[in-house]
Amino acid sequence: MSGQPAPAPVPDRQPLDETAAASISAYAAEQRAKVDVLASVLEDIAEHGYPAAESGVLREEARGAHLERLADGQLSRRAA
């Protein structure tokens, strides 16, 4: 989970049925995974910087390649 404490129950909330709650939880997990990928890309840029212009590698290509490596890693972990 996110590591943050769950908010205290609010008295005027309507409980969700199991299907709706599962759907929302799945969506939250997907969004969290996307944010984790973005954070990883930003950390990589912060640690290694962008490729030098002289290398001929476009920033967009470098970013895309990094995202592909991350996605491949995530797919490998999910399959295991």
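1. Let's start with the lining of the largest pocket, to which α2 gives the most, with 7 residues. The elements that give it two or more residues are α1 (18–48) and α2 (59–79); helices here are DSSP runs (H or I, at least four residues), numbered from the N terminus.

2. This is a predicted model, in which local features need pLDDT of at least 70, side-chain atom pairs count only at pLDDT 80 or more, and totals for chains, interfaces and linings use all residues. Residues are numbered from 1 along each chain as its sequence is written, and side-chain values use heavy atoms, with hydrogens and water left out.

3. What lines the pocket? The lining residues divide into 6 nonpolar, 2 polar and 5 charged, where Asp, Glu, Lys and Arg count as charged, Ala, Val, Leu, Ile, Met, Phe, Trp, Tyr, Cys and Pro as nonpolar, and the others, Gly among them, as polar.

4. Now a look along α1: its 31 residues reach 45 Å from first C-alpha to last, close to the 45 Å expected at 1.5 Å a residue (1.5 Å times one less than the number of residues). Just after α1, Gly49 takes a positive phi of about 75°.

5. Which residues of α1 are buried? They are Ala33, Val37 and Val41, with buried meaning under 20% relative accessible area (1.4 Å probe, protein chains only). Over the chain of 80 residues, buried ones make up 5%.

6. As for the overall fold, you will find 2 helices and 0 strands in the chain.

Conventions
Buried means under 20% relative accessible area, exposed over 50%, partly exposed in between (1.4 Å probe, protein chains only).
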